[in-house]
Amino acid sequence: YVEYMEALGKATGLKIEWAQEIGWADVPTALQADKVDAFCAGTWADAKRGVQTAFTKPVFYNAIEVYAREGDVRFDKDLNLINDPSVTIVTLDGAQVADIAAQDFPKANTHALPSMGTDAEQLLNVVNGKGDITFTNHGPALSYMKANPDKIRRVAPNKPLRVFSVTTAVNIKEQELLTVLNTATDQLHQGGMIDKILDK
């Protein structure tokens, strides 16, 4: 996403200044308080956050899947078995993975990490037994599996829980900035730049 934002800066002539790290739960507040102009880490667009936040056109898409410890095959045939008080889902405060857990598996317990937590920390908490499963997209999970072989596994790879568009978030009142970012994103798609970045 950094490479995409830098390419967007070149296309528009805008200077991209990496000013502040913000947790997922704090994005709308930071945008509305003008601490940042845009959240440039790539965020999943959803209706709940859309009340306060505007999202650009999709840069690419993430399929959100279930990951469990290696050898745990309880949920392979039926993901509905996750919805049980004996199951603990590792989530992130204020992130969509917490929303998915609450919406799809309300009977399950959760082990919530702080909003600045990472996908790798979610997976590590599954490996360490703090939870039975977690939800993330395959990119970070694949990196984790390569660095830590035989620790976690992808459950039901052909059954994603959600497919989210990955976007840049701005203050809902910043329609001019949104228009600029959308126009540049279209140009980067049409010119093949985003595909080149993703192919890397």
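In this predicted model, the axes of helix α1 (residues 2-12) and helix α7 (residues 175-190) come within 10 Å and cross at roughly 105 degrees. Helix α1 is therefore roughly perpendicular to α7, since angles of 65 to 115 degrees count as such.

**Contact of α1 with α7**
- Helix α1 contributes Tyr4, Ala7, Leu8, Ala11 and Thr12 to the contact.
- From α7 come Val180, Leu181, Ala184, Thr185, Gln187 and Leu188.
- By class, the residues of this contact are eight nonpolar, three polar and no charged.

**Nonpolar cores**
- The largest nonpolar core has 26 residues. Those with the most contacts inside this core are Val66, Leu79, Ile82, Ile89, Ile133 and Phe135.
- Two or more residues of the core come from each of the strands β3 (60-69), β4 (88-92), β6 (133-137) and β8 (162-171), and from helix α4 (96-104).
- Another core, of 16 residues, lies apart from the largest one. Among its members are Tyr4, Val59, Val170 and Ile197. Tyr4 is also one of the α1 residues in the contact with α7.
- In soluble globular proteins, nonpolar side chains tend to be buried together.

**Surroundings of phenylalanine 135**
- Neighbours within four places in sequence are left aside here. Phenylalanine 135 is then in contact with Ile64, Glu65, Val66, Ile89, Val90, Val97, Ile100, Ala101, Phe105, Gln122 and Leu161.
- Val66 and Ile89, both in that list, are also among the core residues with the most contacts.

**Helix α5**
- In helix α5 (residues 119-127), the buried residues are Gln122, Leu123, Asn125 and Val126. These residues cover an arc of only 155 degrees around the axis, so they lie on the same side of α5.
- Gln122 is also one of the contacts of phenylalanine 135.
- Glycine 129 follows α5 and has a positive phi, near 85 degrees.

**Aspartates with positive phi**
- Most residues other than glycine have a negative phi.
- Aspartate 34, although not a glycine, has a positive phi of about 60 degrees. Aspartate 34 is in the loop between α2 (27-32) and β1 (38-44). With a relative accessible area of 55%, aspartate 34 is exposed.
- Aspartate 150 likewise is not a glycine and has a positive phi of about 60 degrees. The loop between α6 (138-147) and β7 (152-155) holds aspartate 150. Its relative accessible area is 66%, so aspartate 150 is exposed.

Key. Residues are numbered from 1 along each chain as its sequence is written. This is a predicted model: local features need pLDDT of at least 70, side-chain atom pairs count only at pLDDT 80 or more; totals for chains, interfaces and linings use all residues. Side-chain values use heavy atoms; hydrogens and water are left out. Axes are lines fitted to C-alpha atoms, for helices over the stretch in contact, and angles run from 0 to 180 degrees between N-to-C directions. Helices (H or I, at least four residues) and strands (E, at least two) are DSSP runs, numbered from the N terminus. Angles under 35 degrees count as roughly parallel, over 145 as roughly antiparallel, 65 to 115 as roughly perpendicular and the rest as oblique. Contact means heavy atoms within 4.5 Å. Ala, Val, Leu, Ile, Met, Phe, Trp, Tyr, Cys and Pro count as nonpolar, Asp, Glu, Lys and Arg as charged, and the others, Gly among them, as polar. Buried means under 20% relative accessible area, exposed over 50%, partly exposed in between (1.4 Å probe, protein chains only). A nonpolar core is a set of buried Ala, Val, Leu, Ile, Met, Phe, Trp, Tyr and Cys residues joined through side-chain atoms within 4.5 Å. The arc is that of the directions from the helix axis to the C-beta atoms.
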